[in-house]
Amino acid sequence: MRLTMLTFNLTVPLSVDFSRPEDYLIFIFHILFATGSALLAGSVVIGIMSTRALRSQNRFIFMLNTSISDTLTGCSVFYLGLFDVQEGYPSRNGTFYILPSLLGVNVLTFVFAQFDRYLAVCHPFFYKLYITRGVVIGVCALCWIYTYSILTVQSVVPVEFAAQMNAFGVIVLQVIVAVKVLMTIKLYMITRYQLSREAPSCDKDSKNESLRIIVFVVICFLILWAPSFLNISVKYVTKNGLRFKNEATNLFAIMARFNALSTPALYIRGSPALRAAVWNSVWSKVFRRREKRFLWVLPCARDNVMGKI
């Protein structure tokens with residue numbers, strides 16, 4: 001079995017054949033994108049995990065969940081973007097939708113995060129009483145369990161039935177997207193009108209910050225993910241739609257995966273506390289280590305030059 005898997009991995013061709021100049025650009029882009037998104041989202045994961053003040057807040061638990069998914073999405077591009085992979089029924093060198101479904105985890109997480117912010121702002125007493133940290137962690141775990149339990153069932157049933165389940169999943173996603181749009185509008189209205197009437201306070205600033213982040217993140221997610229979602233829906237309904245050679249050249253899939261880079265970037269940009277945690281936990285240590293190494297190498301290089309003179 002191990003020998004078979006090794007042979008399979010060695011025989012998967014690259015996503016491009018480098019016969020055209022743009023093939024090099026596509027290949028380099030996927031390497032840079034995979035590295036950048038994995039590092040950025042991974043730094044958010046480390047920043048939240050290593051900062052107790054952030055781990056104790058429900059909104060950062062949702063950020064942590066999506067950032068874990070984004071980190072794995074970035075790592076998945078090393079396979080989906082660099083090798084000749086086509087997900088679908090039938091697939092070619094596919095992963096049974098295991099890697100693309102990481103975005104599905106984020107879709108569900110964002111819906112629950114929107115309801116979390118709505119309850120926190122509009123029903124604070126109910127929120128403090130019932131929406132505990134354990135509940136939020138359970139909801140985040142449910143996003144993973146639901147997404148991959150469906151994939152597990154699809155992998156063991158006949159291909160025809162799996163394709164029908166996938167089509168039903170598209171319909172469910174349409175409902176979820178409609179809910180996300182309505183909740184985004186609702187949260188924007190709350191930010192625009194309800195919070196503006198409250199007296200200035202730290203609690204108001206925290207609510208404003210959390211609402212702005214979730215609204216902008218969801219809007220960006222929908223903008224980048226909508227073309228791929230619409231194209232898939234059109235292909236299921238009309239058998240038409242745009243088709244691409246593989247996942248590496250699928251412009252819509254690339255746009256959807258770009259959320260793995262934009263979402264953690266918006267988190268860091270919108271939250272000063274998270275930005276400080278990421279800097280103190282990850283990047284300050286990286287740059288400090290490089291600075292120490294540079295300061296150690298510089299005298300050695302100078303001594304070598306003086307010795308040669």
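Which residues is Trp 225 in contact with, leaving aside its neighbours within four places in sequence? I found Leu 103, Val 107, Leu 173, Val 177, Ala 256 and Asn 259, where contact means heavy atoms within 4.5 Å.

A note on ground rules before going further. This is a predicted model, in which local features need pLDDT of at least 70 and side-chain atom pairs count only at pLDDT 80 or more, while totals for chains, interfaces and linings use all residues. Residues are numbered from 1 along each chain as its sequence is written, and side-chain values use heavy atoms, with hydrogens and water left out.

**Entry: the core.** I looked up the largest nonpolar core and found 49 residues in it. Such a core is a set of buried Ala, Val, Leu, Ile, Met, Phe, Trp, Tyr and Cys residues joined through side-chain atoms within 4.5 Å; buried means under 20% relative accessible area, exposed over 50%, and partly exposed in between (1.4 Å probe, protein chains only). Trp 225 is among the residues with the most contacts inside this core, as are Ile 48, Met 63 and Phe 110. Helices that each supply at least two of its residues include helix 2 (21–49), helix 9 (202–238) and helix 12 (272–308). Helices here are DSSP runs (H or I, at least four residues), numbered from the N terminus.

**Entry: a helix pair.** I checked helix 4 (residues 58–80) against helix 5 (residues 102–122): they pack at about 170°, with axes 9 Å apart. Helix 4 is therefore roughly antiparallel to helix 5, a label for angles over 145 degrees. Axes are lines fitted to C-alpha atoms over the stretch in contact, and angles run from 0 to 180 degrees between N-to-C directions. Phe 62 and Asp 70 of helix 4 are among the contact residues, as are Phe 110 and Arg 117 of helix 5. I noted 8 nonpolar, 7 polar and 4 charged residues in the contact; Ala, Val, Leu, Ile, Met, Phe, Trp, Tyr, Cys and Pro count as nonpolar, Asp, Glu, Lys and Arg as charged, and the others, Gly among them, as polar.

**Entry: two single residues.** Leu 54 lies in helix 3 (residues 52–55) and is buried, at 3% relative accessible area. Beyond four places in sequence, Leu 54 touches residues including Ile 48, Phe 60 and Leu 274. Thr 249 sits in the loop between helix 9 and helix 10 (251–257) and is partly exposed, at 25%. Its C-alpha atom is 7.7 Å from that of Ile 26, 223 residues apart along the chain.

**Entry: cysteines.** I counted 0 disulfides, taking one as a pair of cysteine sulfur atoms within 2.5 Å. Cys 122 is partly exposed at 22%, and Cys 220 is partly exposed at 21%.

Terms used
Parallel < 35°, antiparallel > 145°, perpendicular 65-115°, else oblique.
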